[in-house]
Amino acid sequence: MTAAAAGGAPAGDWTTGTIIELDHPTDRLVRLRFHVEDRVDHLPGQHYVVRLRAPDDYTAQRSYSIASDPDDPLLELMVECLPGGEVSGFLHDVAEVGDVLELRGPIGGWFVWEGDVPAVAIAGGSGVVPLVAMARYARRMGLQDQLRIIAVARTWDDLPYAAELEKYGAFIALTRQNLGDRVAAPPYPEEVVPLVAGAERGYVCGSVGFASYATRLLGEAGLRTDTIRVEQFGETG
Amino acid sequence: MPVTRGFLGKRRASRPDRLPPGQYDTGSSWPTLTAEATPDLDVERWQMTVDGLVEQPHSWSWREAHALPSSTYFGDIHCVTTWSKFDMTFTGVSVDTLLEVARPKPEARFVMAHSTTGYTTNLPLEDLTGGKAWVVWEVDGKPLPRGHGGPVRLLVPHLYFWKSAKWVTRLELMERDRPGFWEQNGYHDRGDPWLEQRYQGDP
């Protein structure tokens, strides 16, 4: 059962997924790889909803960005464990290989990149997940020169897929840890300007605070702010 | 759908009668979700316009809008990302007050709400009339913060909150429905949280 969104992005109905692989890259991250029944192929940047169901039919559901390439036979999610997180806490502490969860997706037709325009994407912390899907897609399609990635995190361990992003050629800015000969600091404008040059679209993903900071940063580096697409999560005070 | 092994659920609502299906009570926090760069909206240049299929298209300046009879909503809001927030107070002007001036033509059945950013969302006209919708500039007695759509946003609290367009500047009355921003990107044309109309294809 599929329903194409009016904008042309694929959209999938409720289905189930079986956890085939599960690991914890760090204390705060869990990586889940699902076999999805009747899977609808996604576009890089889209997300899935995970729904948990208690014996009395109480449910809790949250959205998570897809990390996998559309070509991957499994669907990969990377979930950060949030304090008191009802769904993320379950995925961290309880979920096991073989469990069957309710899934819905792919969803969202805005924060997607199909390689059609040169773009610059910036993310903070676990906000890199949809950028990883874009990067994997770009590598497979030979479009790395069309997608520049800026990944910002406090430390290397706070950055999901850090090694893979580095290999992709992403610019990684750690704010609390030196990286090679780069002293801990947020991205400097002179580091960002060359990455923005030639980009016709921007993607920003991260917490609310990060998103407003990164949007300003891209704008100051010369990107038109009306080309920026934002995906943000978390709370304001 | 299968029961999830090992899941009992811990965020059961204290007031389940007020929580639509699939939603949780976010308590004192108020998450934000925005698809575009947050604008710096200058109230001296802002206008609220009602046009399209109306007898008398009209625009109100910030000052003129504040001179209209003020109206307050007290109640709950529901976001499609599954949080709900209870007991909010928003103050502004009722959309009914704006429509009384502009006078919808009989053939007007739908509305496109436009924001200063270019964001759009579509609604049936009947969801904006009868004391169900507002243009608001205060929340809990304070100016609406910029991240939450300040200085001014649409408020349609009986629908999912993406219908409550941030930085609203125009209501365009239409004969036929056409999809707005999120609606083009897979979200529902009406968005009733009690019917769980989250995505295109939902009932």
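## Ground rules

Two strands count as paired if DSSP finds at least two bridges between them. Helices (H or I, at least four residues) and strands (E, at least two) are DSSP runs, numbered from the N terminus. This is a predicted model, where local features need pLDDT of at least 70 and side-chain atom pairs count only at pLDDT 80 or more, while totals for chains, interfaces and linings use all residues. Residues are numbered from 1 along each chain as its sequence is written, with chains lettered from A and ligands numbered from 1 in the order in which they are written.

## Chain A overall

Chain A has five helices and twelve strands. Its radius of gyration (over C-alpha atoms) is 18 Å, close to the 18 Å from the globule rule (2.2 Å times the number of residues to the power 0.38) for 237 residues, so chain A is as compact as a globular protein of that length. The C-alpha trace spans about 55 × 40 × 35 Å along its principal axes.

Of the 237 residues in chain A, 49% are buried. Here buried means that 20 or more other C-beta atoms, placed from the backbone, lie within 10 Å of a residue's own; exposed means 12 or fewer, and partly exposed is in between. As for contacts (C-beta atoms, placed from the backbone, within 7 Å), residues 24 or more positions apart account for 65% of those in chain A with a separation of 6 or more.

## Two domains

Chain A splits into domain 1 (14-107) and domain 2 (119-233), with bounds that come from an automatic or database domain assignment. Their centres, taken over C-alpha atoms, are 24 Å apart. Where they touch, domain 1 of chain A gives 14 residues and domain 2 of chain A gives eleven residues. On the domain 1 side, strand 1 (14-26) and strand 5 of chain A are the elements that supply two or more residues.

## The antiparallel sheet

Six strands of chain A make an open sheet in the order 4-3-6-1-2-5, with antiparallel pairing. Strand 4 (59-65) and strand 5 (75-80) of chain A are the edges, each pairing on one side only. The twist averages 40° from one strand to the next; angles run from 0 to 180 degrees between N-to-C directions, with axes fitted to C-alpha atoms (for helices, over the stretch in contact).

At one end, strand 2 (residues 29-36) of chain A is joined to strand 5 of chain A by six bridges, and A:Arg31 sits opposite A:Met78. Helix 1 (residues 86-93) of chain A packs on this sheet, touching strands 2, 3 (47-53), 4 and 5 of chain A, and makes about 80° with strand 4 of chain A. At the other end, seven bridges link strand 3 of chain A to strand 4 of chain A, with A:Arg53 opposite A:Thr59. These two strands form a hairpin with five residues between them, and A:Asp57 in the turn has a positive phi of about 75°.

## The parallel sheet

The other open sheet has five strands of chain A in the order 9-8-7-10-11, with parallel pairing. Strand 9 (171-174) and strand 11 (228-233) of chain A each have a single partner strand, so one side of each lacks a neighbour in the sheet. The twist here averages 10° from one strand to the next.

Four bridges connect strand 8 (residues 147-153) of chain A to strand 9 of chain A, and A:Ala151 has A:Ile172 as its bridge partner. Helix 4 (residues 189-196) of chain A lies across strand 7 (119-124), strand 8 and strand 9 of chain A, at about 155° to strand 8 of chain A.

Terms used:
Contact = placed C-beta atoms within 7 Å.
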